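Welcome, and thanks for opening the viewer. Let's take a short walk through the model, one selection at a time.

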Amino acid sequence: MRRLLLLDEAEVQLAYAAHLRGLREQAKWSREALAERSGVPAATIKKFERTGQIAFRQLLLLWQCLDDLQRLYALTQPASKGAAMPSSIAEVLKNEF
């Protein structure tokens with residue numbers, strides 16, 4: 001059974017920040033090194049890693065340096081056929097999804 005997770009935007013922002021910070025650290029790059037490679041100022045990278053807040057274009061620039069941009073793009077494509085997400089709160093409460 002699929003479990004529905006209710007996330008708010010702050011949790012998602014922090015998850016992206018943690019993912020990219022982990023990749024940066026795995027590559028053994030400082031914020032300054034990533035800033036040179038991406039064109040995103042080191043201060044912006046620091047703020048992003050602490051708060052999850054960043055402009056979308058800057059997120060894409062960081063993602064392109066640290067991860068496969070195709071993976072992020074894939075999220076914009078139609079989902080494959082499978083279990084449908086619930087369409088109402090009643091379905092969620094009844095576990096009908």
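Does leucine 59 count as buried or exposed, and why? Keep that in mind as you select the residue; what you see is a predicted model.

**Stop 1: leucine 59.** Start by colouring helix H4, residues 56-66, where leucine 59 lies. Leucine 59 has a relative accessibility of 11%, so it counts as buried, because the cut-off for buried is under 20% relative accessible area. Now show what surrounds the residue: setting aside neighbours within four places in sequence, leucine 59 is in contact with Leu20, Phe48 and Ile54.

**Stop 2: over to serine 38.** Next, draw a C-alpha to C-alpha distance from leucine 59 to serine 38: the two are 9.8 Å apart in space and 21 residues apart in sequence.

**Stop 3: the H2 and H3 pair.** Select helix H2 (residues 31-38) and helix H3 (residues 42-51), which pack at an angle of about 115 degrees with axes 8 Å apart. The crossing of H2 past H3 is right-handed.

**Stop 4: the annotated span.** Finally, highlight residues 20-50, which an unreviewed UniProt entry annotates as "domain: HTH cro/C1-type". This span is 77% helix and 0% strand, and its end C-alpha atoms lie 12 Å apart.

How values were computed:
Residues numbered from 1 in each chain as written. Predicted model: local features only at pLDDT ≥ 70, side-chain atom pairs only at ≥ 80, totals over all residues. Heavy atoms only, no water. Axes fitted to C-alpha atoms, helices over the stretch in contact; angles between N-to-C directions. Helix = DSSP H or I, 4+ residues; strand = E, 2+ residues; numbered from the N terminus. Left-handed = near helix turned anticlockwise from the far one by under 90°. Buried < 20%, exposed > 50% of the residue type's maximum accessible area, 1.4 Å probe, protein only. Contact = heavy atoms within 4.5 Å. UniProt positions renumbered as here; feature names shortened; annotations may be inferred.
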